[in-house]
Amino acid sequence: MVPRVLLGLVLVAGPVTAVAYAAPGAGTTSVGTTSADTTGAVKTAAAPGLDEPAKKEIAMQLVSSAENSSLDWKGQYGYIEDIGDGRGYTAGIIGFCSGTGDMLDLVELYTEREPDNPLARYLPALRAVDGTDSHEGLDPGYTDAWQEAAQDPAFQTAQNDERDRVYFNPAVSKGKEDGIGTLGQFAYYDAIVMHGDGDSDVSFSGIRRRAQDEALPPSRGGDETAYLNAFLDARVWAMKQEEAHEDTSRVDTAQRVFLDAGNLSLDPPLDWKMYGEDFHIG
């Protein structure tokens, strides 16, 4: 994906296997349940999931508050602009970028499904500018074509599907692997939306490694709250490595607020600030 300053937005996975987990207020309780097999090895049951439909909707609204200063994430399919972060055009519900490959993948998927679409003729240009901030071959008509395509339900579905494939599903899967519940899975999702994944220290996987150097996840016997604090600390560090993400509001006045309240299951009502603006989910 693409990091955006105030932009962007991503999400589904399969059915969630529910297990006992900490209620809001029990912030030091680990989310998964554990048991021993016949060899004595400890197993962690699947954590509750952000992929439960109501929780996924909350996740989309939370990310949209950071990326678009709005809870109306469905209103962002037609969003497109160059925010000057070196990634070319940023667009859509998750901040697909012309310079980072995910916009190209999206338009290729859309064109595979709907060959006669307003963006298809820009595929050669998208391939040429991938990895750069160039608009060559895209201007002046690309932004208008994007907004036209955004009225097509097939393009909206393609955005949803790519968001889920590249960002939401991997974040939820890794969260369950680490034994963290809904809030932790959201913290993973928000991180992968902004930083993408890969081998670098400032990618989602790099942030996760840094956190696990400081605290054990619940799947390895650690305390969930302590681990999530370590993950958010690592996330803030990564954000500060890039000028475009120096404002850490989406951690400090949102995710950390929920964690400090012990709301590991991300249950509403939720109140937070994003870049000084108040938001509420009832």
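Is arginine 127 buried, partly exposed or exposed? Arginine 127 is partly exposed, with a relative accessible area of 45%. Keep in mind that this is a predicted model. Now start the tour at that residue.

**Stop 1: arginine 127 and glutamate 108**

Select arginine 127 in helix α3, residues 123–129. Glutamate 108 is partly exposed, at 29% relative accessibility.

**Stop 2: lysine 176 and aspartate 51**

Next, select lysine 176 in helix α5, which covers residues 153–177. Show aspartate 51 with it, in the loop between β2 (42–44) and α1 (53–68). Their side chains meet in a salt bridge of 3.2 Å, N to O. This pair spans 125 residues and also links distant parts of the chain. Aspartate 51 counts as buried because its relative accessibility is 5%, and buried means under 20%.

A search of the whole structure finds 17 salt bridges.

**Stop 3**

Go to helix α6, residues 182–195, and select aspartate 190. Is aspartate 190 buried or exposed? At 2% relative accessibility, aspartate 190 counts as buried.

The side chains of arginine 235 and aspartate 190 meet in a salt bridge, 2.9 Å from N to O.

Now bring in arginine 250. Its side chain makes a polar contact with the side chain of aspartate 190, at 2.7 Å. Salt bridges that share partners join Glu67, Asp190, Arg235 and Arg250 into one network.

**Stop 3: a negative patch**

Switch to a surface view. Select Glu81, Asp82, Asp133 and Asp139, which form a negative surface patch. Pick out glutamate 81, in strand β3, residues 80–82. Glutamate 81 is partly exposed, with a relative accessible area of 36%.

**Stop 4**

Most peptide bonds are trans.

Proline 140 sits in the loop between α3 and α4 (142–149). Aspartate 139 is also one of the residues of the negative patch.

Proline 269 is in the loop between α9 (249–260) and β6 (270–274).

**Stop 6**

Most residues other than glycine have a negative phi.

Stay in the loop between α9 and β6, and select leucine 266. What is the phi of leucine 266? Leucine 266 has a positive phi of about 55 degrees, although it is not a glycine. At 0% relative accessibility, leucine 266 counts as buried.

End at serine 69, in the loop between α1 and β3. Serine 69 has a phi near 55 degrees, a positive value in a residue other than glycine. Serine 69 is partly exposed, with a relative accessible area of 35%, whereas leucine 266 is buried.

Key. Residues numbered from 1 in each chain as written. Predicted model: local features only at pLDDT ≥ 70, side-chain atom pairs only at ≥ 80, totals over all residues. Heavy atoms only, no water. Patch = residues over 30% accessible without salt bridge, like charges linked within 9 Å, V, L, I, M, F, W, Y side chains within 5 Å. Areas by Shrake-Rupley, 256 points an atom, 1.4 Å probe, with all protein chains shown as cover. Salt bridge = Lys/Arg side-chain N within 4 Å of Asp/Glu carboxyl O. Lys, Arg positive; Asp, Glu negative; His and termini not counted. Charge placed at Lys NZ, Arg CZ, Asp CG, Glu CD. Helix = DSSP H or I, 4+ residues; strand = E, 2+ residues; numbered from the N terminus. Buried < 20%, exposed > 50% of the residue type's maximum accessible area, 1.4 Å probe, protein only. Polar contact = N/O pair within 3.5 Å; in protein donor to acceptor, adjacent residues only side chain to side chain.
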